[in-house]
Structure formats: structure tokens, C-alpha cells
Amino acid sequence: MAELDLNELNRRMEGAINSLKGDLAALRTGRASANLLDPITVEAYGSQMPLNQVANVTVPEPRMVSVSVWDKQMVGKVERAIRESSLGLNPITDGTTLRIPLPELNEERRRELVKVAHQYAESARVAVRHVRRDGMDSLKKSEKAGDIGQDESRQQSDKVQKMTDDTIAEIDKLLSVKEGEIMQV
């Protein structure tokens, strides 16, 4: 059995954090963000494409997102995709540009967004725990097979646990920052 690869476990844990960062960036706060439209896909040229592959997304003002569609024939499809998304946005078409004003978030909507952020964070924590479990299982197999001794196994498992604790602390920190942004009026 190969020795436990801590770098591989770390890479997988970082993947969970990067996924969480992407999910949180797409959550709406009181300010406009170009990442707000990342989850939206558009039916273009016979396939589903991310919005940022058919248009340029900018933030000209704190409460406005601007989408410049590259292909004139795509404007209607992009507008429909934005309207039908779960973000509750109503774009205003102006030629090949869509202006999307962001309405004020009320208290109830803010609380819903915080709940969604908590769900994203919990999913990331679960992913990190799965990585830890895989690492611990690998250590137990190595120890059972006689590839490593008990002391070595204990040292490695302590390292895996510390890596897990650090990663979960980072997830909690990202969540609390996002929660603060969402609840800020």
C-alpha cells in the first residue's frame, strides 16, 4: 500500500473550499456583483452555455448589473434565461445590452439567503469530512498491512485531523464573512 499522500488530501480539501467560494460569490448581497449571474446558463448554438461565454457582465453601479451580449440574435435568449433564473431579476433590454437593477433586499429575503449560505457551508464541511475519512481509512489499511507502524500511523492521523480542523475553520470564517455581507443593510 502506498504511503498516505497528505498533499492529495490537502488538494481535495482545498477543492471543497474553492467550490464553497464559488457558491457564496453567486449569492446575492446588498451590492451588485459580476459573479451574481454565474449560475445562469443560456441555450446557445444548440447547447447550454454559461452566461459569461455569450456576454460580458459588468457592474457599472452598486445596484446595477450590465450584460453586453456579443451576438444580437442571443439577446432574447439571455434575457429569458435571466428572468427564468431563481434570482428574481428583471432585465431591461437596450439594444444588445441588458441592464439589471437589483431591488433592495428585505429582511425575510436576507434570512433566506443566510440559510442558503449555511447549506453551502455544511456541504463543504461534509466534503472535507469525507476526505478525512478516506485518509484515515488509508492509514488503517497501511497499519494493518504492516507498511507503517502504530506510532507513524498516529502521527499521520494527527496531521490529517489538524488539516481537517484548519479547513473547517476556514469554511466557518468564509461563512461568517458572507453572512455579514448579506445582513448588512
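Trainee: What angle do helix H3 (residues 107-145) and helix H4 (residues 150-183) pack at, and how far apart are their axes?

Mentor: In this predicted model, H3 and H4 pack at an angle of about 170°, and their axes are 10 Å apart.

Trainee: Why is the pair H3 and H4 called roughly antiparallel?

Mentor: Angles over 145 degrees count as roughly antiparallel. The angle for H3 and H4 is about 170°, and they are therefore roughly antiparallel to each other. As for what sits in that contact, its residues split into 14 nonpolar, 8 polar and 9 charged.

Trainee: What makes H1 roughly antiparallel to H3?

Mentor: Use the cut-off again: over 145 degrees is roughly antiparallel. Helix H1 (residues 6-26) and H3 have axes that cross at roughly 170° and come within 9 Å, so H1 is roughly antiparallel to H3. On the H1 side, the contact includes Leu9, Met13, Ala16 and Leu20, and on the H3 side Tyr120, Ala124, Val128 and Val131 are among the residues involved. By class, the H1 and H3 contact has 12 nonpolar residues, 1 polar and 4 charged.

Trainee: And how do you know which way H1 runs relative to H4?

Mentor: Here the cut-off is the other one: angles under 35 degrees count as roughly parallel. The H1 and H4 axes cross at roughly 10° and come within 11 Å, so H1 is roughly parallel to H4. Among the residues making this contact are Leu6, Ile17 and Leu24 of H1, along with Val160, Met163, Ile171 and Leu174 of H4. The tally for H1 with H4 is 12 nonpolar, 4 polar and 5 charged.

Trainee: What else is in the chain besides those helices, and in what order do the elements run?

Mentor: There are 4 helices and 6 strands. Starting at the N terminus, the order is α-β-β-β-β-α-β-β-α-α.

Trainee: Why is the chain described as more spread out than a compact globule?

Mentor: Set the value against the rule: for 185 residues the globule rule gives 16 Å, and the radius of gyration is 22 Å, well over that, so the chain is more spread out than a compact globule. For the dimensions, the C-alpha atoms fill a box of roughly 70 × 40 × 20 Å along the principal axes. Buried residues make up 37% of the 185, and the chain exposes about 10600 Å², with 48% of it from carbon and sulfur atoms.

Trainee: What makes glutamate 112 partly exposed?

Mentor: Buried means under 20% relative accessible area and exposed means over 50%. Glutamate 112 has 35%, so it is partly exposed. You'll find glutamate 112 in helix H3.

Trainee: How do you know what to call threonine 96, buried, partly exposed or exposed?

Mentor: The limits are again 20% and 50%. Threonine 96 comes in at 31% relative accessibility, so it counts as partly exposed. Threonine 96 sits in the loop between strand S5 (92-94) and strand S6 (97-101).

Trainee: Which residues does threonine 96 touch, beyond its neighbours within four places in sequence?

Mentor: Val67, Ser68, Val69, Lys72 and Val75.

Methods: Residues numbered from 1 in each chain as written. Predicted model: local features only at pLDDT ≥ 70, side-chain atom pairs only at ≥ 80, totals over all residues. Heavy atoms only, no water. Axes fitted to C-alpha atoms, helices over the stretch in contact; angles between N-to-C directions. Helix = DSSP H or I, 4+ residues; strand = E, 2+ residues; numbered from the N terminus. Parallel < 35°, antiparallel > 145°, perpendicular 65-115°, else oblique. Nonpolar A, V, L, I, M, F, W, Y, C, P; charged D, E, K, R; others polar. Rg over C-alpha atoms; globule rule 2.2 N^0.38 Å. Buried < 20%, exposed > 50% of the residue type's maximum accessible area, 1.4 Å probe, protein only. Areas by Shrake-Rupley, 256 points an atom, 1.4 Å probe, with all protein chains shown as cover. Contact = heavy atoms within 4.5 Å.
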